[in-house]
Amino acid sequence: MSLEVWLAFVATAAVVLVIPGPTILLVVSYALGFGRKTALSTVAGVALGDLTAMTAAMLGLGALLATSFTVFTVLKWIGGAYLVYLGIKLWRTPIQTGPISDNDNVPQRKSLKIFLHAFAVTAMNPKSMVFFVAFVPQFMDRSGPFLPQMVTMEATFVTLASLNAIGYALLAAKARNFIRRATVQKTVNRTGGALLISAGTVTAIYSRAA
């Protein structure tokens with residue numbers, strides 16, 4: 001892969017990643033709820049989820065999803081239902097009446113749960129794999145060796161996705177200092193919940209014709 005092609009890939013991926021999607025909504029909601037210490041768990045989940053989805057896409061699963069209506073339908077319903085579930089949970093999150101602390105000591109079980117949620121939301125979205133199938137080949141040199149290009153693209157995309165998630169998580173954690181009133185918390189929770197539910201619904205009704 002030439003430097004020019006790699007730079008084009010970086011620029012395109014950065015634009016795609018900076019647009020908030022279901023994964024970023026989840027990252028922001030955890031940062032608002034538990035503080036900056038959740039950044040490590042969420043970013044690790046996002047990175048592994050993107051790596052899983054991209055590897056599966058590049059190894060052929062994405063092509064299967066694009067051609068097999070049954071597999072695509074099953075996975076899109078699973079992914080959509082999970083997003084709706086997370087949206088409902090966020091909507092119903094209790095309001096914190098006391099001062100919001102930094103929560104530097106997030107329980108280990110909570111960290112693992114946050115990691116698994118971030119991984120599932122990122123990796124279980126069938127549209128991600130279909131997107132990778134359509135996105136990645138534009139920057140590949142068919143006459144060159146496949147494996148080095150695959151490794152380069154995956155490392156680049158996962159790094160950019162991790163940096164993007166870290167940025168959103170830290171900004172959201174910083175914003176927690178301004179979220180003291182119950183009305184503000186309720187608005188944030190319900191807005192984020194509604195967006196996750198909407199994203200899950202769109203994922204569930206998404207068709208190959210879209």
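Over which residues does pLDDT stay under 50? The stretch is residues 99-107, and the model has 18 contacts beyond four places in sequence for it. This is a predicted model, and where pLDDT is low, the predicted coordinates should not be read in detail. Across the chain the mean pLDDT is 75, with 73% of residues at 70 or more. Among the helices, helix 4 (residues 61-67) has the lowest confidence, a mean of 64, while helix 3 (residues 38-58) has the highest, at 87.

The fold itself is quickly described. The chain has nine helices and zero strands, so the pattern along the sequence reads α-α-α-α-α-α-α-α-α. Of the 210 residues, 39% are buried.

One helix pair can be followed in detail. Two packed helices are described by the angle between their axes and the distance between the axes. Helix 3 packs against helix 8 (residues 146-175) at an angle of about 150 degrees, and the two axes are 9 Å apart. Angles over 145 degrees count as roughly antiparallel, and the pair is therefore roughly antiparallel. The crossing of helix 3 and helix 8 is right-handed. On the helix 3 side, the residues in contact include Ala 39, Val 43, Val 46, Leu 51, Met 54 and Met 58. Helix 8 contributes, among others, Phe 146, Met 150, Met 153, Phe 157, Val 158, Ile 166 and Ala 169. Asp 50 and Thr 55 of helix 3 also take part, as do Glu 154 and Ser 162 of helix 8.

Conventions. Residues numbered from 1 in each chain as written. Predicted model: local features only at pLDDT ≥ 70, side-chain atom pairs only at ≥ 80, totals over all residues. Heavy atoms only, no water. Helix = DSSP H or I, 4+ residues; strand = E, 2+ residues; numbered from the N terminus. Buried < 20%, exposed > 50% of the residue type's maximum accessible area, 1.4 Å probe, protein only. pLDDT = per-residue confidence, 0-100. Contact = heavy atoms within 4.5 Å. Axes fitted to C-alpha atoms, helices over the stretch in contact; angles between N-to-C directions. Parallel < 35°, antiparallel > 145°, perpendicular 65-115°, else oblique. Left-handed = near helix turned anticlockwise from the far one by under 90°.
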